[in-house]
Amino acid sequence: MKKLTVGKRLFWGTLSLFLIFAVLFIVFQQAREKQFKIDMLNLHLQDYNYRMGDNIEEDGITEESLDKYVKSHYILHLRVTLIDKQGKVVYDNKRKDYRNFSNHKNRKEVAEALRQGSGFDISRESNTLHGDFFYSATYFPNKNIIIRTALPYDDDLAKSLKADQHYIWFALLMMTILSITLYRFISRLDANIKKLHIFAQRADHGESLETEDLAQFPADELGEISESIIKIYKRLQKTKEEQNELKRQLTQNVAHELKTPVASIQGYLETITGNPTISEQTRKQFLDRCYAQSQRLTSLLRDISTLNRLDDGTSMMEFENVNVTAIICQIAKETALQLEARKMTLKTHIPDPLVINGAQGMIYSIFRNLTDNAIAYAGEGTEISIAARPKADGGWHFCFSDNGTGVEPQHLPRLFERFYRVDKGRSRKMGGTGLGLAIVKNAVLLHGGNITVANKPSGGLQFDFTLA
């Protein structure tokens, strides 16, 4: 047996509840309207009874005066009967053989009138006129008389008391309109749920989502949400694929970068161990080269570790108030010998102190890597400049520049890529890992900033970045 979809179950469930409500409402409304019409008819006859009672004198109840009153207040087919307190008929405008009338004390309308002052009975057959009548009786205790009026319960009266059917047709029309509207809405809902179900099954089994049945959703809010879910999933899948590709490339690059120093160390050590008679000077030269390559490995592993920490985000970092001025002064002292060897100068134009909220190690990495990069590639006799100015919306804007040769324009967009080198041979010779500028970019992003690089018109390279 085919299982009903969520949309169809919702449609039939809602429609069933509405049908039950509509039927109950119609039944209630019919009974209410019919009772209202009966009350109005009874009120009309009661009014007649009261007016007639007001015109009857206590000692003036005569056949002639009563006939005269009934004729003067004529209502078509109206029957008027007067009954005393004991139930005996003392007047009737339709029959005059009062001896043949049975006692009326137990008649429903008469009993109610004696007990409550008024009463009525609908559609009861008359024993004297042999027909159905609507009776309304009123008791006048000061005159010891009950006035009862009656109208024959014929087709005309039955129709007048019948509930109006127009609202039933209106209710049926509204129910039809609602059913069609509900069906159209539920159909769209059902279509969206079906597509989402298909999407969930295919996503769970790793199947392709580029199919016609997932190409377009109904134009409503749920359809837009469904499309957004699929787009987000596709975007996440694409991002995951890109991340996997980046990881693959990173693994290849790391393996390639590690291969050279490891091979060099291994070659030198094999030469030393394989030649016991090697001179002490050559042995020392080879060991120095092994040490230099091991330092390169240490730098590479340190930079990879730093990038991994940056990829993990702020959850792995402790933010605190950091004095950037002090960090730059520390870097200037640490690189003083290198700067002197290359006849370079480092000038700063920053306030003292310059304090921001950040991760001290990462801020140190930003300025240290930029400084090492300038020392390595700006050229001998050049000048490094570091300037800072406050931003209007908070934070600081930094400008790190040199007056060296710069780089060719085609290399600028890729300078922040991991393991990218403008001159691979020279970079390795200088001991660079190819990760310094990638660390700089990620550390700036970690602090809510952004960074750009460009060649200066007067010559040299300039990095502009912000730290919040």
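In this predicted model, strands β9 (residues 383–390) and β10 (residues 396–402) run antiparallel and are joined by 7 bridges. Within this pairing, R389 stands opposite H397 in β10.

The two strands belong to an open sheet of 5 strands, whose order is β7-β9-β10-β12-β11 and whose pairing is mixed. Helix α12 (residues 436–446) lies across β11 and β12 (461–467), and the helix runs at about 30 degrees to β12.

The charged side chains form a second topic. Side chains of opposite charge can pair when their charged atoms come close. The structure holds 14 salt bridges, including the following.

| Salt bridge | Closest N and O atoms |
|---|---|
| K96 with E63 | 2.6 Å |
| R414 with E417 | 3.0 Å |
| E280 with R283 | 4.0 Å |

The salt bridge between K96 and E63, with its closest N and O atoms 2.6 Å apart, links distant parts of the chain. K96 is in the loop between β2 (89–92) and α3 (108–116), E63 is in helix α2 (residues 63–72), and the two are 33 residues apart. K96 is partly exposed, at a relative accessible area of 39%, and E63 also counts as partly exposed, at 30% relative accessibility. A network of salt bridges links E63, D67 and K96.

The salt bridge between E280 and R283 is set within helix α7 (residues 280–312), where the residues are 3 apart and therefore separated by about one helical turn. E280 is exposed, with a relative accessible area of 58%. For R283 the relative accessible area is 22%, and R283 is partly exposed. The closest N and O atoms of this pair are 4.0 Å apart, and the criterion for a salt bridge is a nitrogen within 4 Å of a carboxyl oxygen.

In the salt bridge of R414 with E417, the closest N and O atoms are 3.0 Å apart. R414 is partly exposed, with a relative accessible area of 39%. E417 is likewise partly exposed, with a value of 34%.

Technical notes:
Residues numbered from 1 in each chain as written. Predicted model: local features only at pLDDT ≥ 70, side-chain atom pairs only at ≥ 80, totals over all residues. Heavy atoms only, no water. Pairing = 2+ DSSP bridges. Helix = DSSP H or I, 4+ residues; strand = E, 2+ residues; numbered from the N terminus. Contact = heavy atoms within 4.5 Å. Axes fitted to C-alpha atoms, helices over the stretch in contact; angles between N-to-C directions. Salt bridge = Lys/Arg side-chain N within 4 Å of Asp/Glu carboxyl O. Buried < 20%, exposed > 50% of the residue type's maximum accessible area, 1.4 Å probe, protein only.
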